[in-house]
Structure formats: structure tokens, C-alpha cells
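Welcome! Here is a short briefing to read alongside the sequence and the 3D view.

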Amino acid sequence: MRGECRQRQAPRQSREMRMDIGIETQFTPWASLLGGVLIGLSAVMVMGLFGRIAGISGITQGAIGAVVPLPGAPRDRDWRLAFLAGLILAPLTVMALGGTVAQTVPGNPLGMALAGLLVGTGTALGSGCTSGHGVCGLARLSPRALAAVLTFMAAGLVTVFLLRHLPGGA
């Protein structure tokens, strides 16, 4: 049915084992613009204040490396822990002030754990994550970041096509 928004349902017997990817999302241009500006501002602040790239995988690895000895891990953990704490505390603050934070990811813990492991493996193989390459790397005109972002986007396009448009997809 063209032009209608609908949520796809998995068959009843296998619903627990599958991730429901048919969740429709709302187009929110002003909230998205504000979020993008805040992400860009934080990236500029991290570069200006600490001379570092605001990539979440690198920040997390550095924070973990400051606690658990990892080869080549940076020792500047304070700003890294503050950055990560801000990612957790921001939505909690919004909720404490009476706002709502909607969860828009599937609630399947096994599927989410598998997805997290795949993303972690990808960031290790790609020498960074989407925020590091996409936001910071492209802004620095890095050829490696451009190659990484093109790879992310191509993989995303193929995945969405396979899961949404081929028979047997979700």
C-alpha cells in the first residue's frame, strides 16, 4: 500500500528470536538540526580543548585503557570519563525534568548484544566509528575517513534493501 505507514509483524512463533526492524520513525528536522549542531559543537570543543578526535570508540577505548592496562592506550582519562558520563546523564536529566526519551531500538537483548559485538568489531577493523570518521574525519578532509564513511553508507544501504525489499526479509 503506497504512502501508508505500517509496522511489519514477525510470525508469532519466531518473534522472540528476531529483531523487529519495521519500526517507523518520525521526521523531526528541528530536533535533528539541534542535535547535529550540538554534536558538531562537542567535536569542536574536544578538538580545541584536548587536541583529540571526538569519536566514541576512541574515547571509550581510552577510558577503559586508563583503568585496564591496554597497549597504546592514552592516559588522559578524566575528559574521556566526563564525555561518556554526559552521554548517559543527558537523557536521565531530560527525564528527571519531566521530559520523555523514547527508545527506538528493538528490545531483543540477544539481537542487540550481537549487533553491539558486530559494531565493535567493525570499529576496530575500521580504525574508528561513525562519529570519529563521519563527523570529525570528514571535517578534516581525511581520505581514510571518506573511505570509511562510504563503506558505512554502502553497507547500510545494502542491509536495508536486503531486510526490507527481498522476500524472506523482516
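Over which residues does pLDDT stay under 50? That happens over residues 1-17, for which the model has 20 contacts beyond four places in sequence; pLDDT is the predictor's confidence in each residue, from 0 to 100, and contact means heavy atoms within 4.5 Å. This is a predicted model, in which local features need pLDDT of at least 70 and side-chain atom pairs count only at pLDDT 80 or more, while totals for chains, interfaces and linings use all residues. Residues are numbered from 1 along each chain as its sequence is written, and side-chain values use heavy atoms, with hydrogens and water left out.

**Confidence**
- The chain has a mean pLDDT of 79, and 81% of its residues reach 70 or more.

- Helices here are DSSP runs (H or I, at least four residues), numbered from the N terminus.
- Helix 1 covers residues 29-50, and its 22 residues should span 32 Å at 1.5 Å a residue; the expected span is 1.5 Å times one less than the number of residues.
- The end C-alpha atoms of helix 1 are 31 Å apart, which agrees.
- After helix 1 comes Gly51, with a positive phi near 65 degrees.
- Helix 6 has 23 residues that should span 33 Å, and the 32 Å between its end C-alpha atoms agrees.
- Ala145, Ala148 and Val149 of helix 6 are buried, meaning under 20% relative accessible area, where exposed is over 50% and partly exposed is in between (1.4 Å probe, protein chains only).
- The buried residues of helix 6 pack against helix 5.

**Around Ala66**
- Ala66, which lies in helix 2, counts as partly exposed because its relative accessible area is 24%.
- Not counting residues up to four places away in sequence, Ala66 touches Pro74, Arg75 and Arg77.
- Ala66 and Arg80 are 14 residues apart in sequence, and their C-alpha atoms are 9.6 Å apart in space.

**The second largest pocket**
- A pocket is an open set of points on a 1 Å grid over the protein atoms alone, where a 1.4 Å probe fits, with protein on both sides within 12 Å along at least five of seven lines.
- The second largest pocket has a volume of about 520 Å³, counted as the space filled by probe spheres set on the points.
- Of its 25 lining residues, Ile53, Ser57, Gly58, Ser127 and Gly128 are the closest to its centre; lining residues have an atom within 4 Å of a point.
- Helix 2 (56-67) gives the largest share of this lining, five residues.

Note on methods
Helices (H or I, at least four residues) and strands (E, at least two) are DSSP runs, numbered from the N terminus.
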